[in-house]
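Here is a short report on one residue and some ring pairs. Look at the model first, then read on.

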Amino acid sequence: ESHRGAAMTRRQRLFTLARWLFFLASVVYLVEFARQTVSGQYLKAALTAQTLGYSGLAVLLFASTTAISVIGWCALLTGLRYPVDVRPAAAIFCYTQIGKYLPGNIGHYVGRATLAKTRLGIPAGTSAISITQEAALVALSAILVGLTCYSLPDIASTTELSMLVPPWVLLVAISTGAALFISLVAAWRARAIHLKNAIFRFVLLMTPTWSSIRATVPYYACLSLINGLAVSIIAATWLTPSLHAFLLLTAAYTLSWLVGFLLPGAPGGLGVRESVFTLLLAGIFPPAVTLMVIGLVRIATVCADFLVFLTGSYLMKQTPPYSCPTQPNS
């Protein structure tokens, strides 16, 4: 048992080291990329009143997606037999959102689970299940939106993604695989409490139900599209607005966000998201434009998260704690 624990500790250390090396490599890549591509004219364009106005509108759009995340979290808690009002859920979600700038999103997740227990009476285990389901469904939605955009004929003919299989094949495979997995879990979930295998039981309990998926995935897909719209608004300083540009920017930003989310090693995916974004759009838009866009997007998202935090602080003061009512079989 002690040998197994030591091996797990070594793997965790190696994983942590790999994450930080990936982060540092991303930062070095971005610095060199900027040195070779960005000139004074792009920096001047980024400081115009028009660009600042576009960025301000993008801040509001990025901040508005928090409302979608709150609705999704409430739906997942309801699926777990702990219905909660939107206002107290929004207070907790917005207040802890700033914690995602700790590596691995850990501050946001732990803070949310802690406040849900102390202010709403929701068990920490239930919050942990809802947060795990949320992360899985947000990631799945991002994959579906990103690959759908890349699978459209007009976009597929423009991009030259170095994939072993076409995006539409990946889209069908992932959708089918997820549907089969969730269906199998649904068939076994009633037996979860009687299973002796802890890992198998954990998977069964953590996998969202079909009702939770139907109630959240459309919202999370809409979240990705709103983010794509915000990126497109910022890009309008240098690129002519069009459906084609919107789909390309949405696909690139959604998938680059996903990489930063799944491979956390820096606060808020800093460096990782930007590097992947520039790689996905290489050869499509001018390199300097791509870097300026994602740089302004990073500033806009930080401002949006700070705005969300201020909103959460206000709601926390205005919303008293209460005990969340449970439903039978919770």
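Thr 301 sits in helix H13, which spans residues 287–318. The model is a predicted one. Thr 301 has a relative accessibility of 7%, so it counts as buried; the cut-off for that class is under 20%. Beyond its neighbours within four places in sequence, Thr 301 touches Phe 62, Tyr 101, Tyr 253 and Arg 273.

Two of those contacts, Phe 62 and Tyr 253, lead on to the aromatic rings. The count of aromatic pairs is four. Among them are the two in this table.

| Pair | Centre to centre | Angle between planes | Class |
|---|---|---|---|
| Phe 62 and Tyr 253 | 6.2 Å | 45 degrees | tilted |
| Trp 257 and Phe 261 | 5.0 Å | 10 degrees | stacked |

Take the tilted pair, Phe 62 and Tyr 253. Phe 62 belongs to helix H3 (residues 49–79) and Tyr 253 to helix H11 (residues 243–262), so their pairing ties together parts that lie 191 residues apart in sequence. Both Phe 62 and Tyr 253 are buried.

Now the stacked pair, Trp 257 and Phe 261. These residues are four apart in helix H11, so about one helical turn separates them. Is Trp 257 buried or partly exposed? Its relative accessibility is 23%, so Trp 257 counts as partly exposed.

Arg 112 lies over the face of Trp 73, 4.8 Å from the ring centre.

Notes: Residues are numbered from 1 along each chain as its sequence is written. This is a predicted model: local features need pLDDT of at least 70, side-chain atom pairs count only at pLDDT 80 or more; totals for chains, interfaces and linings use all residues. Side-chain values use heavy atoms; hydrogens and water are left out. Helices (H or I, at least four residues) and strands (E, at least two) are DSSP runs, numbered from the N terminus. Buried means under 20% relative accessible area, exposed over 50%, partly exposed in between (1.4 Å probe, protein chains only). Contact means heavy atoms within 4.5 Å. Rings of Phe, Tyr and Trp (its six-membered ring) pair if their centres lie within 6.5 Å; planes under 30 degrees apart count as stacked, over 60 as edge-to-face and the rest as tilted. A charge sits over a ring if NZ of Lys or CZ of Arg is within 6 Å of the ring centre and within 35 degrees of the ring normal.
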